[in-house]
Amino acid sequence: MREVPLAEHLQLTAQSVEANLGHGDQVGAPRPIDHTAAFRSRRAAVAAGEELTRAGYRVDGVYRRLATVWLEFSAMTAVDHATAAAFTREVVGIIGRHGGRYDGWGGFLVPGEDTSSTS
């Protein structure tokens, strides 16, 4: 598995936040954020999942697809620049300690308040 440098993950995270802002997302509002990571072995994925659970994430699944074991996990969080960069640093570190490759995060947009009047 090709190791992706943290700086590249942080750049992709910043681009995702900017894209969300461009769609009118209220990035400071918490919402469920899903993450995925790839591992060579189930043992490594499970160990990473245990560490992620201790860090406050919820493990949503571990499954094998071809020669890769995928770990899906999630957390309720905002996705503003500072918060997204912080969780990216955290999960990349945890996954890296277990020999995995972080595949990224995603979630639904939180729309702004509709201030239009119908009267």
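At what angle do helix α1 and helix α3 pack, and how far apart are their axes?

1. Some ground rules. This is a predicted model, where local features need pLDDT of at least 70, side-chain atom pairs count only at pLDDT 80 or more, and totals for chains, interfaces and linings use all residues. Residues are numbered from 1 along each chain as its sequence is written, and side-chain values use heavy atoms, with hydrogens and water left out.

2. Now the helix pair. Helix α1 (residues 6-22) and helix α3 (residues 81-97) pack at about 145 degrees, their axes 9 Å apart. Helices here are DSSP runs (H or I, at least four residues), and strands are too (E, at least two). Axes are lines fitted to C-alpha atoms over the stretch in contact, with angles running from 0 to 180 degrees between N-to-C directions.

3. Who does the touching? Contact (heavy atoms within 4.5 Å) involves residues including Leu10 and Val17 of α1 and Ala85 and Val92 of α3.

4. Have a look at α3 itself. Its buried residues (under 20% relative accessible area, 1.4 Å probe, protein chains only) include Phe87, Val91 and Ile94. Among the elements covering the buried residues of α3 are α1, β1 (31-39) and β4 (101-107). After α3 comes glycine 99, with a positive phi near 75 degrees.

5. Histidine 35 is buried, at a relative accessible area of 1%. Its neighbours by contact include Phe87, Val91 and Tyr102. The side chains of histidine 35 and tyrosine 102 are joined by a 2.6 Å polar contact (a pair of N or O atoms within 3.5 Å; within protein, one must be able to donate a hydrogen and the other to accept it, and residues adjacent in sequence count only if both atoms are side-chain atoms).

Notes:
Buried means under 20% relative accessible area, exposed over 50%, partly exposed in between (1.4 Å probe, protein chains only). Lists of a residue's contacts leave out its neighbours within four places in sequence.
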